[in-house]
Each structure stands twice: as C-alpha cells, then as structure tokens.
Amino acid sequence: MSDVYPKLRLLIDGEWIDAGDRRTHAVIDPATGQTLGELPLASADDLDRALAASDQAFRRWRKTPAPERAAVLTGAARHIRARAEVIARNATREEGKLYAETFAETQMAAALFDFYAGECLRTYGRVLVRPAGQLSRVMYEPVGPVAGFAPWNFPIYNPARKLGPAVGAGCSIILKPAEESPASALAIAEALIDAGLPPGVLQIVFGVPDEVSTRLLASPIIRKLSFTGSTAVGKHLLRLAADTVKRTTMELGGHAPVIIFDDADLDRAVEMLVAAKLRNAGQVCVSPTRFFVQDGVHDRFVAALGERMARFTLGSGLDPTVGMGPTTNPRRPAAVETLVADARAAGARLVTGGERIDGDGFFFQPTLLADVPLGARIMTEEPFGPVALTRRFATLDEVVEQANALPYGLAAYAFTENARRANLIAAALEVGMVGINTAAMAAADAPFGGVKESGNGSEDGIEGFQAFLVTKAIHQL
Ligand code: NAD
C-alpha cells in the first residue's frame with residue numbers, strides 16, 4: 001500500500017470494481033477544496049449483484065467454525081496496525097480531522113476486531129432446567145445478511161464498528177460507507193480480505209445514498225439494518241426497514257449536555273472539554289454542546305473555556321502544529337453560521353469565534369456562545385460543528401430538567417468532586433452514556449448508543465456483537 005491517495009473501487013462478490021461507465025462522485029480534500037479522486041457509484045445492477053452475493057455467502061459463512069471467523073478478525077487487526085500510518089493519512093486527507101485522531105481510529109478499529117475475535121469464541125447458548133430426558137436450549141445464530149450505512153465523521157472506526165461484529169457473528173454484510181470518506185472504509189475492507197475473508201461475505205458499495213438504501217432495504221434478503229447518521233435520515237430508513245421487519249441498530253444524532261457543578265475541578269474540566277469539543281471540528285455525535293454551569297463558577301468557567309478555544313490554530317490535519325482541521329463538507333460552515341447568527345439575534349453573547357474562514361477549505365472558528373436563550377435554534381438543533389453553548393443554573397433539579405428537555409438522549413457529561421451528586425446526576429440523565437469527570441466514552445468493550453430519538457441498540461461491547469445475533473429456543477422431548 002503506497003502513500004498516495006488510492007484508486008477508489010466497489011467490492012462485490014470478491015471482485016474489486018473500477019468505475020467503467022458508472023456515474024462517479026468527486027472526493028474532496030476539505031482542507032484545500034481540491035479533488036482527491038473519483039468514486040464509482042453503484043448501479044441498480046451492482047446492488048442486485050451485491051444482494052445475491054450476500055445471500056449466497058451467508059449460507060457458507062454462517063457454518064464456518066468460530067475460530068476461523070476469529071482468525072480473520074485478528075488477521076485484519078494485524079494488517080490495520082501494520083498499515084496504520086497510510087490509512088490514517090488518507091483518512092485525514094478525505095475527512096479533514098487531525099492525523100493524531102485518524103491514527104487513533106486505526107488503533108481503535110484494530111482493538112475492536114481483536115475484542116470481537118474473542119466474542120466469536122464466546123457465543124455460547126444456554127440449557128434450561130427440565131425433567132430428565134427432556135431438553136430445552138437457547139441458541140444464538142447470525143441474523144443474516146446485513147445492510148450497513150456508515151457516516152464520514154469516523155471514517156475508519158464507523159465502518160469497523162459494522163464490519164467487525166457482522167463478520168464475527170457469521171453474517172454477510174453490504175456496507176455503504178460515506179461518499180466523503182471512501183478510502184478509509186476500503187482500507188478496512190482490504191484488511192479483512194487480505195486476512196482471508198471469503199468472497200461475498202463483504203460488499204462495499206457507494207452511490208446516491210437514498211437510491212442505495214431504498215433498493216437494499218426493500219430486499220427481503222437483508223435481515224438487519226445498522227445505520228449511523230442523523231436522526232432525520234434514521235427515521236426514513238426505519239420506515240424503509242419496516243416493510244420486511246428487519247432488525248435495526250440506529251446510532252443517530254445527539255446534543256450532549258455538560259453539567260459543571262460549582263465543586264468541579266475547573267482546570268481539569270476545561271482542559272478535557274475543550275479537547276472533546278474541538279475534536280474532529282465538533283463533528284461528533286457525543287460532542288459536548290450544551291454547557292450548564294452552576295452560578296458559583298459560571299463566569300470563571302466561561303472565561304477559561306473561551307480563552308482556551310481562542311488559542312486553537314486551524315489548518316490541514318496533516319500539519320502537526322495545527323489544533324483543529326476543517327469540517328468535512330461545505331454544508332457545515334454554512335449551517336453553523338446560520339445557527340450562530342440566529343442565537344446572537346435571540347440574545348446570546350459571543351465570547352470567541354463565530355465566523356467561517358474565507359478560502360478554499362471548509363473551516364469555521366472555534367466558537368463559544370454564552371447565556372444562550374433556550375429558544376435559540378442552536379439549543380435544540382445539533383450544530384455538528386466547533387460550537388459550545390453555555391447557560392447558568394442554580395439547582396440540580398433545574399439542570400436535570402433542562403438537560404433532559406430535548407428528544408435526543410445519546411451522551412451527557414457532569415463534572416463534580418461530590419460522589420453523591422455524581423450518582424444522582426448519572427441516574428437522572430436520560431441518555432445512553434454518561435461521562436463523570438471525563439469526556440472519553442468510546443472503547444471496544446463498552447456499549448455505545450443512545451435512547452429516545454438518538455437511536456436504539458448499541459455498537460461496541462458485547463452488546464454490539466449480540467446485535468448481529470438472533471435467538472432460537474429449541475424444546476426437545
Ligand atoms: P446527512 O443527514 O445528509 O447524512 C448523514 C449520513 O447519512 C451520511 O453519511 C450520508 O451519506 C447518510 N445518508 C443520508 N441520506 C441517506 C439515505 N437516504 N440512505 C442512507 N444513508 C443516507 O447529513 P450530513 O450533512 O452528511 O451530516 C450532518 C448531519 O449528520 C449532522 O447534523 C448529524 O446529525 C448527522 N451525523 C451524525 C453522525 C453520528 O455519528 N450519529 C455522523 C455523521 C453525521
């Protein structure tokens with residue numbers, strides 16, 4: 001694998017497919033606006049071939065002994081580690097985030113594959129207690145061919161989260177990665193193929209997203225939908241999946257509250273939260289966004305956060321001196337600009353940033369808005385950009401109500417040195433993940449997912465593997 005942006009292809013039934021006379025889509029470097037490559041888009045025939053290949057390969061792969069499936073995952077993890085620098089550089093070129101972040105993603109993907117290799121070997125059933133001579137047992141079986149849709153914001157880890165457990169559980173999968181970040185997904189697919197994954201178990205297709213999802217989800221061959229992306233698109237796909245009653249794992253939007261109590265270790269909180277907020281230019285579903293700060297420390301916290309955010313340098317994610325890269329597509333700076341203008345018109349105070357940066361790249365300044373009115377659009381619409389919002393609060397009850405007020409329920413954070421407060425707030429927050437005195441959430445062994453309109457099911461952890469299994473109860477007299 002060389003260090004040039006790779007040729008982009010589809011993968012169907014073990015065959016790497018060039019554009020030929022297919023439609024193509026230009027992949028853009030968001031730091032410069034330059035075209036990196038042309039991506040072939042799957043035709044309807046390609047998608048039908050992918051469905052047929054997945055159907056056939058599933059019948060064989062499901063019967064492959066677990067140690068062989070595990071060996072493919074550990075082999076792929078080894079390839080990812082060996083190729084990590086090249087994979088990470090290409091991911092930064094197409095997605096924009098810092099090289100340190102894409103490199104970390106390669107290590108997370110490899111760790112996840114290793115973890116799921118272990119899970120393959122531990123997919124036990126259970127025996128139910130019955131009178132002698134009778135037997136009831138519960139078996140776990142792979143759910144069937146999967147349709148996976150992965151977004152661009154974790155160009156390496158999002159595909160790995162869908163491919164690892166599907167392959168490990170004995171499913172076949174058609175993955176449509178984001179058209180913005182195809183090389184990263186193809187590199188993960190290549191690692192699996194080079195580790196011995198048989199033809200047809202994995203297909204990679206790109207296309208016009210709605211055409212691909214409509215065709216794949218209409219097919220009874222597909223038994224599971226695994227989607228990561230916005231809540232609006234997630235609802236649309238759930239409707240498409242309903243006709244054939246597919247299983248679903250939906251990882252949707254968030255609008256994470258952060259609660260800073262007046263006994264928090266402010267310096268540590270600011271340090272962690274500024275890094276978490278500006279990671280991937282804020283394009284993270286668990287990004288800390290609504291900061292509720294208790295009266296006693298409000299002014300000090302807002303000043304410190306603003307001062308730290310203003311110090312970040314912007315530029316190419318490949319430049320090691322840069323603190324934050326561009327947003328991935330030109331839609332984000334425009335959308336964030338509109339939301340910031342609306343908040344300021346509603347009475348929010350601009351502490352730092354607030355502007356998109358002229359030029360060929362898609363940059364928006366790290367931005368802090370204070371005293372944001374609850375009625376401002378940005379308090380309910382996910383900014384998905386480098387913007388933090390603050391409000392002051394007095395009591396625990398009041399802040400719990402505000403934190404839980406949105407239809408989202410993905411991640412929430414609280415900072416306090418008081419263990420009783422930490423327990424109370426963790427129990428009261430209506431979310432799938434809580435960080436107490438930390439902003440780190442994703443790990444191979446921990447379930448990652450939301451409640452309410454942030455989705456259903458989990459990725460990662462044992463739960464992320466079980467999501468690709470169905471149960472069968474066998475009763476024998
Ligand atoms: P978008 O809603 O257009 O797309 C989000 C993702 O869904 C993309 O990967 C896209 O390719 C895919 N998609 C869109 N329509 C689809 C369809 N009909 N069928 C299948 N896939 C489809 O938004 P965007 O402008 O690319 O990204 C911004 C928004 O996306 C944000 O506001 C955020 O809510 C959401 N998002 C969420 C996550 C997450 O981790 N939950 C990741 C990326 C984007």
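Q: Which residue stands opposite Val-470 in strand 24?
A: This is a predicted model. In it, Glu-141 is the residue that stands opposite Val-470 of strand 24.

Q: How many bridges join strand 6 to strand 24?
A: Strand 6, residues 135-142, is joined to strand 24 by eight bridges, and the two run antiparallel.

Q: In what order do the strands of this sheet lie?
A: The sheet is open and has three strands, in the order 5-6-24, with antiparallel pairing. Strand 5 (126-128) and strand 24 (469-476) are the edge strands, each of which pairs on one side only. On average, neighbouring strands are turned by 25° against each other, direction ignored.

Q: How is the protein chain divided into domains?
A: Domain 1 covers 10-252 + 454-476, and domain 2 covers 256-443. Their C-alpha centres lie 31 Å apart.

Q: How many residues of each domain are in contact with the other?
A: The size of an interface is often given as the accessible area lost when the parts come together. Here the contact is described by residues: 19 of domain 1 are in contact with 24 of domain 2. On the domain 1 side, helix 3 (84-95) and helix 4 (99-121) are the elements that give two or more residues. That side consists of six nonpolar, six polar and seven charged residues.

Q: Why does the ligand's shell lie between the domains?
A: Both domain 1 and domain 2 give residues to the shell around the ligand, so it lies between them. Helix 7 (209-218) and helix 8 (231-242) each supply at least two shell residues. Of the 21 residues around the ligand, those that come nearest include Pro-151, Ser-213 and Cys-285. By class, the shell has 10 nonpolar, seven polar and four charged residues.

How values were computed: Residues numbered from 1 in each chain as written. Predicted model: local features only at pLDDT ≥ 70, side-chain atom pairs only at ≥ 80, totals over all residues. Domains from an automatic or database assignment. Contact = placed C-beta atoms within 7 Å. Helix = DSSP H or I, 4+ residues; strand = E, 2+ residues; numbered from the N terminus. Nonpolar A, V, L, I, M, F, W, Y, C, P; charged D, E, K, R; others polar. Near = placed C-beta within 6 Å. Pairing = 2+ DSSP bridges. Axes fitted to C-alpha atoms, helices over the stretch in contact; angles between N-to-C directions.
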